[in-house]
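Work through the exercises below with the sequence and the structure in view. Each task is followed by its solution.

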Amino acid sequence: MSARLEVKDLRAYYGQVQALHGISFTLEEGSVTTLLGANGAGKTTTLRAICNMVRTTGRIEFDGKPINTMSTENIVKLGIAQVPQGRGTFTRMNVEENLQLGAITRGDKAGIASDIERMYEQFPVLKQRRTQQAGLLSGGEQQMLAVARALMLRPRMLLLDEPSFGLAPLVVRDVFKVLGEINRRDKVTILVVEQNAQLALELADQAYVIETGEIVKSGPAADIANNEDIRKSYLGY
Ligand SMILES: Nc1ncnc2c1ncn2[C@@H]1O[C@H](COP(=O)(O)OP(=O)(O)O)[C@@H](O)[C@H]1O
Ligand SMILES: [Mg+2]
């Protein structure tokens, strides 16, 4: 396996405030990696840093090429899709319009149409609701739509910010199941940041724990899940 994303000594700043203090991690091609941590630890900032949406120093390489100085738009065009915290659907547009917007950087009309059909196969509930306003969907349906919209980019890497947030446990399970399917079927490399460590560790191959802007633990997800000390000290379960 080779590295799809390699992050080295990444620091991030909001004005004078430093939010990341030199973190390093690797996403292996085709793997699922989870970045776990409490509220305020720096999870969202890490995702923002990858897409150059916050001031950073350090090195970020995607498929071996540095992307630190690229614009967010060009980073997206490389095939890096984000599902932001709070889902990021366009609430006043309908389901199908949201899916079309996900493909806005693509020119291949026929490919887009067939991908929308593919999304409806993967997410049957979205097909039923194709003309409904996104804002009127349930929380779980909106999260599925946000994932489907990101997939319309045909990404090589998918970044998700707390996909479990605000969802009932059974719905969270559905969302994570879909992420696993996408990873296996489409070979999309996934980075999922979560406060809900338990489910994220079930899905992930590799895990990192972040605390006040520093990686404090890392390893195979199964090892982290089986380590009671780490679970109790850092993950709250
Ligand atoms: N826009 C901002 N301006 C200043 N500080 C921020 C901003 N966004 C986040 N921070 C700070 O950066 C740190 C990390 O935040 P964040 O990455 O959002 O954490 P998490 O996603 O893990 O909850 C926190 O201390 C937070 O207060
Ligand atoms: Mg966050």
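**Exercise 1.** Find how far a polar backbone atom of Ala41 is from an oxygen atom of ligand 1.

Solution. The distance from that backbone atom of Ala41 to the ligand oxygen is 3.2 Å, a polar contact (a pair of N or O atoms within 3.5 Å). Next, a polar backbone atom of Gly40 is 2.7 Å from an oxygen atom of ligand 1. Last, Asn39 places a polar side-chain atom 3.3 Å from a ligand oxygen. Of the 560 Å² of accessible area (Shrake-Rupley, 1.4 Å probe) that ligand 1 has on its own, the protein covers 61%.

The model is predicted: local features need pLDDT of at least 70 and side-chain atom pairs pLDDT 80 or more, while totals for chains, interfaces and linings use all residues. Residues count from 1 along each chain as written, chains are lettered from A and ligands numbered from 1 in written order, and side-chain values use heavy atoms, without hydrogens and water.

**Exercise 2.** Which helix gives the most residues to the shell around ligand 1?

Solution. Helix H1 (residues 43-50) does, with four residues; a helix is a DSSP run of H or I with at least four residues. Residues around the ligand, with a heavy atom within 4 Å, include Tyr14, Lys43 and Arg48. By class, the shell holds four nonpolar, five polar and two charged residues.

**Exercise 3.** Describe how H6 and H7 pack.

Solution. The angle between H6 (residues 139-151) and H7 (residues 169-186) is about 15°, and their axes are 9 Å apart. H6 is therefore roughly parallel to H7 (angles under 35 degrees).

Technical notes. A polar contact is a pair of N or O atoms within 3.5 Å; within protein, one must be able to donate a hydrogen and the other to accept it, and residues adjacent in sequence count only if both atoms are side-chain atoms. Helices (H or I, at least four residues) and strands (E, at least two) are DSSP runs, numbered from the N terminus. Ala, Val, Leu, Ile, Met, Phe, Trp, Tyr, Cys and Pro count as nonpolar, Asp, Glu, Lys and Arg as charged, and the others, Gly among them, as polar. Axes are lines fitted to C-alpha atoms, for helices over the stretch in contact, and angles run from 0 to 180 degrees between N-to-C directions. Angles under 35 degrees count as roughly parallel, over 145 as roughly antiparallel, 65 to 115 as roughly perpendicular and the rest as oblique.
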